[in-house]
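Hello! Here is the structure I promised to pass on to you. Have a look at it first, and then read on for what turned up in it.

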Amino acid sequence: MSDQPSISRRSLLAGATTLGVAGGYGLHAVLSPSSAAAPPRAHTTHAPAFGAVAREPGAATVFVQTAAAAGDVLQLRPYRDRLRVPPRARVRRERDLSTLTVTMRTVTARLHADLPPTTLWAYDGHFPGPTIEVRRGERLRVTWANALSGAYPVTAVQLRAAPGPVPVWDLPGRSGATPRADVAALPPWAVVHLHGAHTGGGNDGWAENAVPPGAAQLAEYANDQRSATLWYHDHAMHITRFNTMTGLTAGLYLIRDDEERDLGLPSGPYEIPLVLCDRNFDTDADGKVNGRLLHKITEYPQQTETVVRSFTGPYTLVNGTVWPYAEVKPAWYRFRIVNASSIRPYLLRLVDQNGQPVPGRVFQIGSDAGLLPAPVPIEDWVLVTPAERADVLVDFTGLEGRSLRWVDASFIASPVPEVINFRVGGDRHPPRFTLPSKISASFEQVDPATLPQHKERLVLITPAFPINAEMWEMERVEAPPGPLPADGIVQFEDARGQVTTYRRLSRDYPDPVAFHVADGDWETWRFVSLEGSGVPHPMHAHGFSFQAQERLRLDASGFKYFTTSGSTRLGGGTERPIKILEAEPLRPEERGWKDVIAVGFREMITTVGRFTGSVGRFMHHCHIYEHEDHKMMRPFVVLPKQVAAMDPHGPGGGH
């Protein structure tokens, strides 16, 4: 049985379809294929909206979205390379303080057997970086040393979007565009953010505190938080989208505690990190991919300002390898999944060699910031939007000799949305594991009604077109006198007809800090997207874990952009209130502890969490790299309660 798809151009053309944009409302509509209940079958002649199936007898099924694009992308054949597992970092442990040095250096690595070596910037020379493991309460001091050298290892191009059957971003190569000289001139300037850590602001990896070669970033992590899958990545100001593409993409940071240990979960070789990301490559004069990393995006014509499509690439990498295979035993495995892409969500559907779903084998036991109360059976797909993590168990028992695959079923999947192939071997004595009915006995669902009085924050994302979508921080106010719309005034109307008015506090990153938090306080953060289409915005606040409370659908047609007197910049506000419509269900895996929440278009999501152990200056932002580098990142400050009470601008005047 071959695991390397043999695909002719005839079969590709027979199953061709163009990439569409999902309509309707909500996260489910944004991410779902056209028929969630009816997965694609082999020999399909009518292409579903998310991609057709092209197959030849005896070959593994490969899903294609755009035939011409897939033909170019398939210069690299799926499942040529074995999955690489990142090494474990060598932590030096002492009684009161553990230490570790991770050095960023320039290396070359082969990302696919048919590619020349690629120049990368990598943590300790590994892409992704080494996995760091700590016990809860183990204080770890990390020296993130910058030993990078050489020219910037990414070529960046920006094209004008043009009509045609093939989305240009799904094609390797520059497509005739001139490389950006400003990106080529970037220095090796990097900073590491430990995503999900409850730590002081001085250790968080402040975006403007990146360090040059020869310098080091010193950080200390208390690790006084639940067992969870954290991860580290570059967060350099203005250039996160490029630095993460160099190879400073991700590394796992696992916090373990007694509760997790007592579950007896698959461990050792049966616990595997899976870092997912998408990439594109440049091509040589003959059109052959040459391994050079390519950041290729398009800009939309006839807009008030330059509006770009965020990066997606035609190649899916798992642990730094394009479409790898993994040899597994007929046993239970634990996969720590991280979506390290910029904008691409992954809907990982487990299928067999004929493209048929394999039910009853996948269970999610943890989300971003900790274990779930009980295992969640995944009968359709594992969903991870950018920066989200999924702690997943897969049962391969009794599947000796079978070949299974995770494929990406999202509507913006790669033209060839293969992800990883699992080849199940034999084992006379596989380790035994029984899935427990309860995972986290200590898990408690937060009930906002039982909490002390706490502050409410509203973060609003404005529509894209004719300008880039912006992220506004809002405060609740009385309705202003005079006609609407007025710049920065947004109203909401609930089902009872009650209207609530909000005023914009900030619009740009340099605006004064608007959110001041007291350490130890519970807070409600509401995230609103007024966009009418597109993919979810994965919203993230540093140093903050929360639980999602509700997802509401909105009629946002009352929001308008308009010119304001004395300004060349468009203003925005509601000419009639945004109507809050019905609630949409939260998925069971969304109800755990999280630090990223996916906000679909025309949605409001309410989260509740508590700031503990995170004191200092932090950032909150959309985790789509192009968005946070542009207009969707803002600072906020957390202070000890006693210090916050001394604020001379606060209610007590600081006396």
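**Aromatic pairs**

Trp144 counts as buried, because its relative accessibility is 1% and the cut-off for buried is under 20%. Please keep in mind as you read that this is a predicted model.

Tyr232 is buried too, with a relative accessible area of 0%. Why mention these two side by side? Trp144 and Tyr232 form an aromatic pair of the tilted kind, with 5.0 Å from centre to centre and 50 degrees between the planes. Trp144 belongs to strand S6 (residues 140-147) and Tyr232 to strand S10 (residues 228-234), so this pair ties together parts that are 88 residues apart in sequence.

A second pair to look up is Trp332 with Phe363: the ring centres are 5.9 Å apart and the planes stand at 35 degrees, so this pair is tilted. Here the tie is between parts 31 residues apart in sequence, because Trp332 lies in strand S19 (residues 332-339) and Phe363 in strand S21 (residues 362-367). Trp332 counts as buried at 11% relative accessibility, and Phe363 is buried with a relative accessible area of 14%.

**Strands and their partners**

Strands of a sheet pair through backbone hydrogen bonds, either parallel or antiparallel. You can find both senses around strand S26 (residues 418-424). With strand S18 (residues 325-328), S26 pairs in the parallel sense over 4 bridges, and Glu327 has Arg423 of S26 as its bridge partner. With strand S25 (residues 403-408), S26 pairs in the antiparallel sense over 5 bridges; there, Val407 has Glu418 of S26 as its bridge partner. Is S26 mostly covered or mostly open? It is mostly covered, as 6 of its 7 residues are buried.

S5 and strand S11 (residues 251-256) run parallel and are joined by 4 bridges, with Val134 opposite Ile255 in S11.

The largest pocket has a volume of about 1100 Å³. Its lining has 46 residues, and those nearest its centre are Tyr300, Val308, Arg309, Ser310 and Phe465. Strand S7 (154-160), strand S14 (289-300), strand S15 (307-308) and helix H7 (625-628) are the elements that give two or more residues to this lining. Sorted by class, the lining of the largest pocket has 24 nonpolar, 14 polar and 8 charged residues.

For the second largest pocket, the volume is about 540 Å³.

Key:
Residues numbered from 1 in each chain as written. Predicted model: local features only at pLDDT ≥ 70, side-chain atom pairs only at ≥ 80, totals over all residues. Heavy atoms only, no water. Buried < 20%, exposed > 50% of the residue type's maximum accessible area, 1.4 Å probe, protein only. Pairing = 2+ DSSP bridges. 1 Å grid on protein atoms, 1.4 Å probe; cavity = no way out; pocket = protein on both sides within 12 Å on 5 of 7 lines; lining within 4 Å. Points joined across faces, edges and corners; volume = space filled by probe spheres on them. Nonpolar A, V, L, I, M, F, W, Y, C, P; charged D, E, K, R; others polar. Phe/Tyr/Trp six-rings, centres within 6.5 Å; stacked < 30°, edge-to-face > 60°.
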